[in-house]
Amino acid sequence: MSHPAPADPAAPATMRAIVITRPGGLDALEIKEVPVPPRKPGWVRIKVRAFGVNESEVTTRKGESDAEVTYPRTPGIEGVGVVDEADADSGLRPGRQVATMMGGMGRSYDGAYAQYVTVPAGQVIPFETSLPWDVVGALPEMFQTAYGSLTRGLDLRPGQTLLIRGGTSTVGLSAATMAKELGANVISTTRNPERADELREMGVDHPITDDGTIAEKVRDLAPDGVDAALELVGCTVWPDTFHCVRVHGTVCFTGALGGGWTVPDFTPFMIPSGVRLTSYAGEAADLPAQVFQQQLQAIADGRLNVPVAKSYRGLEQVRDAQADVESGTRPGKHVVVLDG
């Protein structure tokens, strides 16, 4: 495995990157030789060592993203690597290990499917680790989303019971391990009963099969209802999720794996009396550097599991990675590692 190492003394004039010039199939992911991006004041240029491959990037490739995405575009909403260049007063010296994610990256400006990427300094998270790049590269987006949902979204406390609906997604798997680290009791769903053991391996106390209606199953485990529910499937199952939650418990809407982002003919009275609803769609700042460092240490100590589905080597395997993400046959994160 490849381990973190210092950056080269200076960036070359050109680099290899994946460029989408037009929406389309996997062949729209083209490897091109392009100029290394110049760094603007207040931004940081990072030499990319690994990046996760996400469903949102598949959406970008297909041309199904919102108007924020324009072409040509280098996709990639997250990445890890080392600082190549930064403002002198940023505290980010060349060679510093860093992670970055979100904030328009790979959407309104070029992202991490490249040898170098430039991002605003405010969305750069420094860290120190000897973990391999394929492990670290799996973390930024799913850890930020999972951690933000559990803390800012749900304010989850030790001893509480959490329901994760959409448990075999990368965020669902990460949330389960983090919730156990926080001392919560975890119920998590899968549509495939054969994946129950995978959930148990990630620390889930009670895997349940989701056939579209789970409230009765959840109430068998938590008669008064769960304290918190992380909704990752979306509005297609939203009313049923509400009925899994106790009075004064909270549902946090974070994702819509089932494709339902809106509720037809919504009325507030659809929400059971006393149940609270919130949402989470945060940014890099919601994952403090200290917390990210603690999570890296927990991984190194074996206390936190990382759901890596598969690692790929080089930009040449990006098409394979996106194909595997689309197929959905292997739960966990798909990570591309670049040579140093």
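A disulfide is a pair of cysteine sulfur atoms within 2.5 Å. This cut-off is applied below to a predicted model.

**View 1. The cysteines C235 and C252 in the predicted model.** The sulfur of C252 has its closest cysteine sulfur in C235, at 13 Å, and the two are therefore too far apart for a bond. Seen from C235, the closest cysteine sulfur is that of C252, again 13 Å away and too far for a bond. A search of the whole structure accordingly returns zero disulfides. C252 has a relative accessibility of 0% and so counts as buried. C235, at 13% relative accessibility, also counts as buried, because the term covers residues under 20% relative accessible area.

**View 2. The open sheet of six strands.** The strands follow the order β10-β9-β8-β11-β12-β13, and their pairing is parallel. At the edges stand β10, residues 206-209, and β13, residues 276-279, each of which pairs on one side only. From one strand to the next, the twist averages 20 degrees. In general, the strands of a sheet pair through backbone hydrogen bonds, in either a parallel or an antiparallel manner.

**View 3. The pairing of strands β8 and β11.** Strand β8 comprises residues 161-165 and strand β11 comprises residues 226-231. Four bridges join these two strands in the parallel sense. Within this pair, R165 stands opposite E231 of β11.

**View 4. Helix α3 against the sheet.** Helix α3, formed by residues 140-153, packs on the sheet. The strands that the helix touches are β8, β11, β12 (245-253) and β13. The direction of α3 makes an angle of about 145 degrees with that of β12.

**View 5. The setting of these details in the whole protein.** The protein contains nine helices and 15 strands. Its radius of gyration is 20 Å, close to the 20 Å given by the globule rule for 340 residues, so the protein is as compact as a globular protein of that length. The C-alpha trace spans about 60 × 40 × 35 Å along its principal axes. Of the 340 residues, 55% count as buried. Among contacts between residues at least 6 apart in sequence, 71% join residues at least 24 apart. The accessible surface amounts to about 14,500 Å², and 50% of this surface belongs to carbon and sulfur atoms.

Definitions and conventions: Residues are numbered from 1 along each chain as its sequence is written. This is a predicted model: local features need pLDDT of at least 70, side-chain atom pairs count only at pLDDT 80 or more; totals for chains, interfaces and linings use all residues. Side-chain values use heavy atoms; hydrogens and water are left out. Two strands pair if DSSP finds at least two bridges between them. Axes are lines fitted to C-alpha atoms, for helices over the stretch in contact, and angles run from 0 to 180 degrees between N-to-C directions. Contact means heavy atoms within 4.5 Å. Buried means under 20% relative accessible area, exposed over 50%, partly exposed in between (1.4 Å probe, protein chains only). The radius of gyration is taken over C-alpha atoms; the globule rule is 2.2 Å times the number of residues to the power 0.38. Accessible areas come from the Shrake-Rupley method with a 1.4 Å probe; for residues, only the protein chains shown count as cover.
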